[in-house]
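This report concerns a sheet and a residue in contact with part of it. The structure is shown first.

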Amino acid sequence: KASIMQKKHAARKSLREKLASLCESLPACPTARGVAMLLAAFFSLLNAMINPNMASFLFSATCISIVISSFILCLFSLRKLALRREIGRDAMRNGVVPLPLRIVNEGSMTRQAQLIREQSPFASQPTFDTLVEPLLPGECRMIQRMPVAKRRGRYQLSTIKLLGGDPAGLF
């Protein structure tokens, strides 16, 4: 019985890894709320096709329009944001490593909160996230990130990912 549970656990883990790799290749990945909304839009569309009446059609059209507009907003959420590394200093083991970033909103509208994610081989956590509060038009902000160095050595810093989403939280 334990081996069956282990096989199921391994199958779920491999499915999660496959979904995570699929999400990395897509321009936008739906959240759990987004998956629920996608399913609601799909099933409401099926219902409107099976039972053609005004109420089911309106509900289906509303669900589909929310999903489409959220997807489009998600694609434009990172547009006109400039992110640049600033010069940091060296650090000692078990000391903080200053990794400053400069983010500039080059657009003419306020940007919602964004998440900066970076993988680091020397820090105590393999990935660390930093939340960037909403940026006003033309605002330039310095972000001081201070991970703790757990390993000594010379490291190449990885690519920084700027993660955004739509205001509804579907993507």
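## Pairing of strands 3 and 6

Ile116 has Leu162 in strand 6 as its bridge partner. Strand 3 (residues 114-119) and strand 6 run antiparallel and are joined by three bridges. Strands are DSSP runs of E with at least two residues, numbered from the N terminus, and two of them pair if DSSP finds at least two bridges between them.

The model is predicted, so local features need pLDDT of at least 70 and side-chain atom pairs count only at pLDDT 80 or more, whereas totals for chains, interfaces and linings use all residues. Residues are numbered from 1 along each chain as its sequence is written, and side-chain values use heavy atoms, with hydrogens and water left out.

The covered face of strand 4 comprises Phe128, Thr130 and Val132, and the uncovered face Thr127, Asp129 and Leu131.

## Arg145

Arg145 belongs to strand 5 (residues 140-145). Arg145 counts as buried because its relative accessibility is 3%, the cut-off being under 20% relative accessible area (1.4 Å probe, protein chains only).

Beyond its neighbours within four places in sequence, Arg145 is in contact with residues including Ile116, Glu118, Phe128 and Thr130, where contact means heavy atoms within 4.5 Å. The side chains of Arg145 and Glu118 make a polar contact (2.7 Å). Such a contact is a pair of N or O atoms within 3.5 Å; within protein, one must be able to donate a hydrogen and the other to accept it, and residues adjacent in sequence count only if both atoms are side-chain atoms.

Technical notes:
Helix = DSSP H or I, 4+ residues; strand = E, 2+ residues; numbered from the N terminus. Buried < 20%, exposed > 50% of the residue type's maximum accessible area, 1.4 Å probe, protein only.
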